[in-house]
Every structure is written in C-alpha cells, then in structure tokens.
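Here are my notes on the model, point by point. Please read them with the coordinates open.

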Amino acid sequence: MLLRPSLPFAVTSTLPLCSRLAAVRRRSSVAAATGMAGVSAASPAGAQIGSFLSKKPYAPPSWASHLSLAPSHIFSLGQFPTPIHKWNLPNLPEGTEVWIKRDDLSGMQLSGNKVRKLEFLLSDAVAQGADCVITVGGIQSNHCRATAVAAKYLNLDCYLILRTSKLLVDKDPGLVGNLLVERLLGAHIDLVSKEEYGKIGSVALADVLKKRLLEEGRKPYVIPVGGSNSLGTWGYIEAVREIEQQIQLSGDVQFDDIAVACGSGGTIAGLALGSKLSSLKAKVHAFSVCDDPEYFYDYVQGLIDGLQSGLDSHDIVTIEDAKGLGYAMNTTEELKFVKDIAAATGIVLDPVYSGKGVYGMLKDMSSNPAKWKGRKVLFIHTGGLLGLYDKVDQLSSLAGSWRRMDLEESLPRKDGTGKMF
C-alpha cells in the first residue's frame with residue numbers, strides 16, 4: 001500500500017518557524033508511530049506528478065477496519081489535507097474557541113465536501129464499467145456540479161436531474177452559479193418540478209433515466225442525492241483520519257466538538273462514526289438545512305447500519321434544525337449574517353449550507369453559553385460558494401459600497417507595469 005507524506009502545517013500554529021521546522025523533521029517518525037497505511041487523506045494529491053486523478057489502493061483506518069463496504073481503491077480527486085485554522089468569530093461564550101476546517105478549499109472547482117464522497121463513489125463506478133453517471137439535486141445543487149466536474153475528469157458522461165419551481169421547469173434554467181459550470185462541462189440536464197420530485201421521489205426519477213440510458217446501450221451508474229449512501233460515508237470517515245493526523249502533527253490542539261451543516265446526511269454520518277471510533281472522541285453537532293432532525297437521525301442510522309457499525313445514530317450525533325424558511329431559502333437576517341462574517345473574518349460562507357450551519361451554531365451558543373463555555377470547536381466548512389450567485393438580488397442591498405474615484409484634472413501621468421488597455 002502507498003503512504004504519501006502528510007503536509008506539515010495543516011493546522012495553523014503559533015509556534016516560531018524553527019519549532020515548526022523541527023516538527024517537519026519529526027513527521028516521518030509520527031507517521032510510523034501512528035501506524036498510517038494505505039492511501040491517507042492527509043496526503044497532498046498533487047505532491048507527486050501524475051498522482052492527481054489516479055486510482056490508488058485504499059486501506060481504511062485501523063479503527064474502522066471492522067466496518068463493511070470498505071473500498072479497495074479510491075480516485076485522487078481533491079487537494080488534501082485541507083487546512084485547519086483558528087476562526088475569530090465575534091461574541092463567543094467565555095473561553096470558547098472556534099477553529100475551522102477548510103473543506104471549501106478541497107479543489108475540483110470549489111466542490112467542497114462533495115469531493116471526499118466522490119473519490120469513493122466514482123472509483124466504484126469505474127470498477128463497475130460505467131460510461132456515465134446519473135445524480136439528482138436542486139437547481140443549484142453543489143453535489144450535482146461536483147459530480148459533473150469529477151465525471152468529466154474521468155471521461156464519464158454526466159446526467160443531472162435538477163429540481164426547480166413549477167413556473168420555471170419548462171424554461172431555460174440559465175447560467176447562474178452551479179448551472180454555468182455544469183453547462184460548460186456539457187452535462188446533460190433534465191428538469192423536474194418540485195411537485196413532480198415530491199410525488200415520484202429521487203430514486204424513482206433516477207431509475208427512469210437509468211432505464212432509458214440502458215435501452216440506448218449505455219452503462220449508467222447512479223449516485224444518490226448528495227452522494228450520501230453507505231459507500232459515500234467513507235469520505236468523511238477518511239476525513240476523520242485526516243483530522244487525527246493534523247492533530248498529531250500539531251501536538252497542541254484538541255477539539256471537544258465538531259460542528260457542520262447537514263443537507264443529505266452522508267457527511268455527518270462519516271464524521272460522527274469516525275469521531276466515535278477514532279481517538280478524536282469529539283461531540284458532533286449537525287445543523288440540518290432541510291427536512292427535520294428526526295428524518296436525519298433515521299437516515300444516518302440507515303447509512304451506519306449499511307456499514308454494520310452496531311451503533312445508534314442518537315448516541316453519536318446531535319442534530320438541530322437550522323433550515324429556517326426552507327432549503328435554499330434565506331431571510332434577510334441570514335444573508336446579512338453571511339455578509340458580516342465575511343467582512344469580519346474573511347471567510348465567505350455559502351447561504352444554503354455552512355451559512356445556516358454557523359448561524360445556527362452561534363445562535364445556540366448565545367442561547368446556551370454554558371453548554372459551549374471553554375470548549376474548542378471545529379467547524380467544517382463544506383463549500384458551496386457558487387450558491388451565492390443565486391442570491392445576488394437579495395444581497396445587493398447588503399453588499400459593500402462603491403464610489404467613483406475623485407481625480408484632479410491636473411494629476412500628472414505615471415505609468416506602471418502594463419497599460420491594461
């Protein structure tokens with residue numbers, strides 16, 4: 001099995017440079033001591049020429065080796081490890097620290113948390129001889145766009161079933177946000193109304209398209225909504241190993257809690273299961289941006305049962321409702337929050353997932369400060385930046401100001417590098 005070297009500074013450190021260089025020299029001994037084997041998520045996919053987009057043998061973490069459906073191979077699609085750094089959010093409870101894991105920087109055209117699941121799912125698709133993939137989502141689905149990118153990387157055609165409003169289902173969906181990328185990539189897009197989606201369901205819709213493609217002689221592989229099935233859950237089981245390695249390399253940071261937005265269930269299933277089984281032992285808090293907590297407890301239970309974990313979802317994750325007006329719908333207050341966090345910290349949150357997740361987390365911290373007092377919290381930023389482009393009309397009154405530059409007519413000309421006209 002391959003062991004690729006870990007990046008040394010994945011967790012931002014305040015140590016002086018000489019100490020950090022010493023940590024680099026200790027890196028190989030740390031890896032040996034922790035028994036890392038197989039393809040490690042804390043290994044830079046682009047470190048070796050030709051390793052990106054290649055198929056690699058995979059060995060699960062030792063603490064997850066008893067789980068079912070452990071894949072034998074994985075495609076290197078992302079840029080891992082993603083960094084962890086301290087996040088100076090305002091108005092935290094006394095002694096509380098929030099850190100952020102930047103899965104929004106996972107690569108693959110801003111594909112966020114979707115990359116981790118697709119590394120496993122598309123490896124299975126190729127192993128089964130698929131020549132195309134089918135998946136389903138909302139009209140601005142990050143998962144669908146990520147699937148379109150990954151499929152094209154691997155020379156597979158991509159078919160997307162996108163849910164939109166009844167008024168727009170017969171019209172050109174346009175080129176805003178994720179749709180622009182999908183259409184540039186040549187993804188095949190089928191639109192259905194929300195009413196049709198609710199009546200028929202995502203599984204039946206995918207089956208209809210799969211049957212048509214089979215009749216045409218194609219070999220389709222169906223990926224569920226959000227990539228959230230038991231196999232896709234391995235993406236965030238592996239992410240927990242990555243976090244473990246980053247902590248081991250840093251030596252001075254331990255997390256009490258992990259917080260993340262929840263939209264389809266696979267990310268929280270992997271994080272919660274991994275945290276429970278590994279040395280991490282952090283309490284996982286999920287903030288659901290659609291459906292309700294009980295739905296996700298049941299769905300996560302199905303995912304971890306598929307891995308034969310023997311655990312109860314209620315024991316490994318706490319799920320709270322953060323959907324507000326509904327999936328992909330925002331109040332002015334929520335969008336102002338996204339704007340204020342960007343202006344205060346430089347971190348841009350998407351309005352559908354992490355924006356609502358952080359909003360829900362800080363709201364809970366304000367309502368229940370004793371629950372969070374003195375704790376170190378790791379928030380997982382799952383990406384979704386392109387979703388902001390679908391909110392430009394709502395954001396226009398909230399965004400930063402501009403002005404015409406005031407220039408004196410007598411200002412002498414002085415050229416810089418390049419005239420730019």
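Which backbone oxygen lies 3.4 Å from a polar atom of the side chain of Thr-135?

1. That oxygen belongs to Pro-224. The model is predicted, so the contact is a computed one. Thr-135 sits in strand E5, residues 132-138. Its relative accessibility is 1%. Thr-135 therefore counts as buried, the cut-off being under 20%.

2. Most residues other than glycine have a negative phi, and most peptide bonds are trans. The peptide bond between Phe-80 and Pro-81 is cis, with omega at about 5 degrees. Pro-81 is in the loop that runs between strand E2 (73-75) and strand E3 (84-86).

3. Met-108 is not a glycine, yet its phi is positive, about 55 degrees. This residue lies in the loop between strand E4 (97-102) and helix H3 (114-127). Met-108 has a relative accessible area of 5%, so it is buried.

4. Asp-291 also has a positive phi, about 50 degrees, and is not a glycine. Its loop lies between strand E10 (283-288) and helix H10 (293-306). Buried, partly exposed or exposed: which applies to Asp-291? Partly exposed, because its relative accessible area is 39%.

5. Together with Asp-292, Glu-294 and Asp-298, Asp-291 forms a negative surface patch. Residues in such a patch need over 30% relative accessible area. At 39%, Asp-291 is therefore over that cut-off.

Methods: Residues numbered from 1 in each chain as written. Predicted model: local features only at pLDDT ≥ 70, side-chain atom pairs only at ≥ 80, totals over all residues. Heavy atoms only, no water. Patch = residues over 30% accessible without salt bridge, like charges linked within 9 Å, V, L, I, M, F, W, Y side chains within 5 Å. Areas by Shrake-Rupley, 256 points an atom, 1.4 Å probe, with all protein chains shown as cover. Salt bridge = Lys/Arg side-chain N within 4 Å of Asp/Glu carboxyl O. Lys, Arg positive; Asp, Glu negative; His and termini not counted. Charge placed at Lys NZ, Arg CZ, Asp CG, Glu CD. Helix = DSSP H or I, 4+ residues; strand = E, 2+ residues; numbered from the N terminus. Buried < 20%, exposed > 50% of the residue type's maximum accessible area, 1.4 Å probe, protein only. Polar contact = N/O pair within 3.5 Å; in protein donor to acceptor, adjacent residues only side chain to side chain.
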